Amino acid sequence: MPTMTPNRRSLLKMAAALAVLPATAFAATTKTYSSRGVAIDGSDAVAYFTEGKPVEGSKDFTHEWNGVTWRFSSAKNRDLFAAAPEDYAPQYGGFCAYAVAQGSLASTTPEAWKIVDGKLYLNYSRRIQRRWDRNIPEYIADGDRNWPSLSV
């Protein structure tokens, strides 16, 4: 039996993880990554910009947008998002930027993120993020090209 390269092994792990995601991981009418109707695992999308790190959102500060509930750590962050959600929501509906560049959808983890040219990108894991970091401009171009044709 041939040995598997680390690249192939990582992609197979990502595909396996995607295959076991519950159907509720994807909003029914939009392409937004969510779990039980809560976007991006309940992380505060605005905090990535204002605090420079992932911050858990609260059930006390929510906003409905794009078919799912977004949680925030404060009323201020909720209000910033509500006024301009496109400025704060992650690209590709919060799905893994690397996976979208490869032509597929995968979940994300709050700790694997980067702001590029004022836009938030999330990744499946920190390991996948390191791979994405190697050629961000090309992966963004590929992701932008693939995103419209991907479906959930």
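Which ring does the charged end of Lys31 sit over? It's the ring of Trp147, with the charged end 4.2 Å from the ring centre. Keep in mind that this is a predicted model.

**Aromatic pairs**
- The structure has 12 aromatic pairs in total.
- Take Phe72 and Phe81: their ring centres are 5.0 Å apart and the planes make an angle of 45 degrees, a tilted pair.
- Phe72 and Phe81 are both buried.
- Tyr121 and Trp132 pair up as well, with 5.4 Å between the centres and 40 degrees between the planes, so this one counts as tilted.
- That pair ties together distant parts of the chain: Tyr121 sits in strand β6 (residues 119–122) and Trp132 in helix α6 (residues 126–133), 11 residues apart.
- Tyr121 and Trp132 are buried.

- Most residues other than glycine have a negative phi.
- Arg36 isn't a glycine, yet its phi is positive, at about 55 degrees.
- You'll find Arg36 in the loop between β1 (34–35) and β2 (38–39), and it is exposed, with a relative accessible area of 76%.
- Asp117 isn't a glycine either, and has a positive phi of about 50 degrees.
- Asp117 lies in the loop between β5 (113–116) and β6, where it is exposed at 75% relative accessible area.

How values were computed. Residues are numbered from 1 along each chain as its sequence is written. This is a predicted model: local features need pLDDT of at least 70, side-chain atom pairs count only at pLDDT 80 or more; totals for chains, interfaces and linings use all residues. Side-chain values use heavy atoms; hydrogens and water are left out. Rings of Phe, Tyr and Trp (its six-membered ring) pair if their centres lie within 6.5 Å; planes under 30 degrees apart count as stacked, over 60 as edge-to-face and the rest as tilted. Buried means under 20% relative accessible area, exposed over 50%, partly exposed in between (1.4 Å probe, protein chains only). Helices (H or I, at least four residues) and strands (E, at least two) are DSSP runs, numbered from the N terminus. A charge sits over a ring if NZ of Lys or CZ of Arg is within 6 Å of the ring centre and within 35 degrees of the ring normal.
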